Structure formats: C-alpha cells, structure tokens
Amino acid sequence: MWSHPLLLAIPALYILHKSLSRPSRTQKVTHDEERVLILGASSGIGRAIAEKYAKRGARVYVVGRRQDQVDDVVLSCRSLSSAGTKNTILGTAADFADADDLVNIRERIQAEWGGLDTLVVAAGVSALRPLMEVAGVETNKSGSSLDNASLDGIRKASEIASAAVHSNYIGPLMSAVTFIPLLSRTSKAPSILLISSLASVIPAPTRSIYASTKGASLLLYQSLAIEHPNIAFSHVLPSTVEGDFRASAVDAGPVREANPNKHGLKREYVAARCVRAVDEGQRTVFLPGTMRLGHLLYWLWPSFVERQARKKYNFELR
Ligand SMILES: *[C@@H]1O[C@H](CO)[C@@H](O)[C@H](O)[C@H]1NC(C)=O
Ligand SMILES: *[C@@H]1O[C@H](CO)[C@@H](O)[C@H](O)[C@H]1NC(C)=O
C-alpha cells in the first residue's frame, strides 16, 4: 500500500511546495538584524522569549511594569547576547496600556534602531474566581444563590473586570495602534506575536473574567491580521504554564488546578515554540497541539469538554 504512487506524491508535492514558496522570514530578516520589542518581558514566557532572541543576536527591547525586574532582564539578555553593540538590549519600565509610555518607547526604538521587525505582546493578568464570587454572592454547587448581589458587589465585579480588560484587552489594542505603522514602514517582514491562552477558545469555570478578556484580544488580533495582510500575525494558545503568573490575579483568587509547577507546560518550551511560530509565520499554535481538537470538540460536544474543564479546575458537581 505504501508504494501507491499517490502516497509517494504527497511528500514530493510538499517538498516542491516548500521550495517554490516565497523566501522565509528568517531570510528576509536575519537573526542578527531582527529588532524585537517584547511587552511583558519582566517575567514568565515574555522573559524567556527575550532571552532566546538575545541569545541569537537580535536587538531586544524589554518592557515590564517593575523597574527592578526590567533591569534584571536587561542584564540577563546582555550577558546572553552574541551581538556586541551598546544599543542592542534596551529596557523600560512602563504600563503598556498607557499612551504616553507607548509613544516614548516608539520614539526610542525609532531613534536607536531606526525601526522594528517583531512585536511580542506577552503582558496580561490572570483572574481566578467565579464571577459571582467576585461580586460577593455565595452560590451552591448547582450555581443557585439565595441572595442578590449587593450594590457594592456589582461595583466590585465591574472594578475587577475593568482591571482585567485594561491589561488583557486595552493593552494589546493600544500596542497594536502604536506599533503597526512603525512595523509596516520599517521592516522587510513585519511580525506580531500575541501570547493568548487556551482559555480564549475553550471556556473554563473560575476563568469567566480571564477567558473573556483574553478571548477579546485574540479576536482583535485575528481581525487585525485580515486588516493588515502585510504583517504576519502569530497567536500562541498555551494551556497551563509553570510559574507564578497566577499570583498576579486581579481578583486575588486561589489556584484550584493541580500544581501548575509540576503539571504545567515548561516556560522554555513555550518560549521556543513562540519564536518558531514567528520565524515560520504560523498563524495559530495550540500548546499542546492536540488542544486544537479540544477546541473543535467544544462546538461538537460541549458537555464533554465542560466536564473535563470542571475536573481540571476542581469545580465538580458533587
Ligand atoms: C441549590 O439551591 C437551589 C435553590 O435554593 C436548590 O433548588 C438546589 O437543590 C440546590 N442544589 C444543590 C446541589 O445544593
Ligand atoms: C432580590 O431582589 C429582588 C428585586 O429587587 C427582590 O424582590 C428580592 O426580594 C431580593 N431577594 C433577596 C433574597 O434579597
């Protein structure tokens, strides 16, 4: 059966397709020419991505909220960097949802590097509690409650959700508005990478605020990809990743899933996969890859996926 000519033709066609396709991004923008801005680079996946780019000789600009953390990443990137010049690794402590901060960063990039090739949007916040709990309403296992939400409770829910929207949606939106023209004008092969989440496409209990705000920015970037075909957009959707991302939860909620540091995806692996997605111009990357099917399955058999989600987050009906 394997000698069937049609089956042999498939690899041959694939190789032909590869060799006829346009030059790859890494040929147009070589590793040591690449100018990379990483928003949310002070810790986690963003930091690991910054170090990978520094290691292979790129110019790297790291942005994070805390000055001490930014200084630390800049030092680490400088020590890893194979490029020698002094303006190779830059850093600023800033809020990526602040217009003044973004414009300052853009001006510095223009002045120091004359342009930008790759924008990595890795900043964001987590939220870990069910919405009604955020509003101070107790519910039983089937989701019923005896009390109404109080005025304060409704305001509290709005406040927490606004903080999540600010970081998970408005930040990515303002970054896109600020840097799309610069990327388009100054790069031979502009790319934008959004670190999204599996929660953007597969709903989960205790993630109502997180999932909906991450989902909003994913749809935003997927739409921008159509509005700006000159830019290669990549969206990476990891499941639980090791590390302390959850400690930043805007609702101060508890971690309910099995220890993410033992069971989560390795940060290094996720970062390497992100860099590859940009190099190869891949639009959507699920991590692990089988989760692409989990996403499809949700539309075909929601109750099954919902049951798995309840289990993962210890939210089972007893
Ligand atoms: C939850 O509360 C509702 C209304 O008070 C009640 O009808 C239901 O049986 C309760 N369910 C559980 C699982 O306790
Ligand atoms: C909830 O609000 C409704 C309408 O304001 C009111 O009629 C009802 O009594 C309230 N329920 C409780 C349990 O406070």
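User: What does buried mean for a residue here?

Analyst: Buried means under 20% relative accessible area, exposed means over 50%, and partly exposed is in between. The model is predicted.

User: Which residues of helix 10 are buried?

Analyst: In helix 10, the buried residues are Val 270, Ala 271, Arg 273, Cys 274, Val 275, Ala 277, Val 278 and Asp 279. They pack against helix 2 (25-28), helix 3 (44-55), strand 4 (118-121), strand 5 (191-195), strand 6 and strand 7 (284-287).

User: How do you know that the length of helix 10 agrees with its number of residues?

Analyst: The expected span of a helix is 1.5 Å times one less than its number of residues. Helix 10 (residues 267-279) has 13 residues and should therefore span 18 Å; its end C-alpha atoms are 19 Å apart, which agrees. The helix is followed by Gly 281, whose phi is positive, near 60 degrees.

User: Why is Asp 279 called buried?

Analyst: Its relative accessible area is 15%. The cut-off for buried is under 20%, so Asp 279 is buried. Asp 279 is in helix 10. Not counting residues up to four places away in sequence, Asp 279 touches Arg 25, Thr 26, His 31 and Arg 56.

User: Why does Ala 277 count as buried?

Analyst: Ala 277 has 0% relative accessibility, and buried means under 20%, so the label applies. This residue is also found in helix 10. Leaving aside neighbours within four places in sequence, Ala 277 is in contact with Ser 234, Val 236, Gln 282 and Val 285. The C-alpha atoms of Ala 277 and Phe 233 are separated by 9.3 Å, and these two residues are 44 residues apart along the chain.

User: What makes Tyr 221 and Phe 233 an edge-to-face aromatic pair?

Analyst: Their rings are 6.0 Å centre to centre, with 85 degrees between the planes.

User: What makes Tyr 298 and Trp 299 an edge-to-face pair?

Analyst: The rings are 5.3 Å centre to centre and the angle between the planes is 75 degrees. With cut-offs of within 6.5 Å and over 60 degrees, the pair is therefore edge-to-face.

User: Why is Tyr 298 called buried, and why is Trp 299 called exposed?

Analyst: Tyr 298 has a relative accessible area of 18%, and buried means under 20%, so Tyr 298 is buried. Trp 299 has 62% relative accessibility, and exposed means over 50%, so Trp 299 counts as exposed.

User: What is the phi of Thr 206, and why is Thr 206 called buried?

Analyst: Thr 206 has a positive phi of about 70 degrees although it is not a glycine. Thr 206 is in the loop between strand 5 and helix 8. Its relative accessible area is 3%, and the limit is under 20%, so Thr 206 is buried.

User: Why is Asn 314 called partly exposed?

Analyst: Asn 314 has a relative accessible area of 44%, which lies between 20% and 50%, so Asn 314 is partly exposed. Asn 314 lies in the segment after helix 12 (302-312). Its phi is near 50 degrees, a positive value in a residue other than glycine.

User: Which residues are joined by a cis peptide bond?

Analyst: The cis peptide bond joins Leu 287 and Pro 288, with omega about -10 degrees. Pro 288 is found in the loop between strand 7 and helix 11 (291-300).

User: Which residues surround ligand 1?

Analyst: Ligand 1 is surrounded by Asn 140, Ser 142 and Ser 144. The protein covers 37% of the 360 Å² of accessible area that ligand 1 has on its own.

Note on methods. Residues are numbered from 1 along each chain as its sequence is written. Chains are lettered from A and ligands numbered from 1 in the order in which they are written. This is a predicted model: local features need pLDDT of at least 70, side-chain atom pairs count only at pLDDT 80 or more; totals for chains, interfaces and linings use all residues. Side-chain values use heavy atoms; hydrogens and water are left out. A residue is near a molecule or strand if one of its heavy atoms lies within 4 Å of it. Accessible areas come from the Shrake-Rupley method with a 1.4 Å probe; for residues, only the protein chains shown count as cover. Rings of Phe, Tyr and Trp (its six-membered ring) pair if their centres lie within 6.5 Å; planes under 30 degrees apart count as stacked, over 60 as edge-to-face and the rest as tilted. Buried means under 20% relative accessible area, exposed over 50%, partly exposed in between (1.4 Å probe, protein chains only). Helices (H or I, at least four residues) and strands (E, at least two) are DSSP runs, numbered from the N terminus. Contact means heavy atoms within 4.5 Å.
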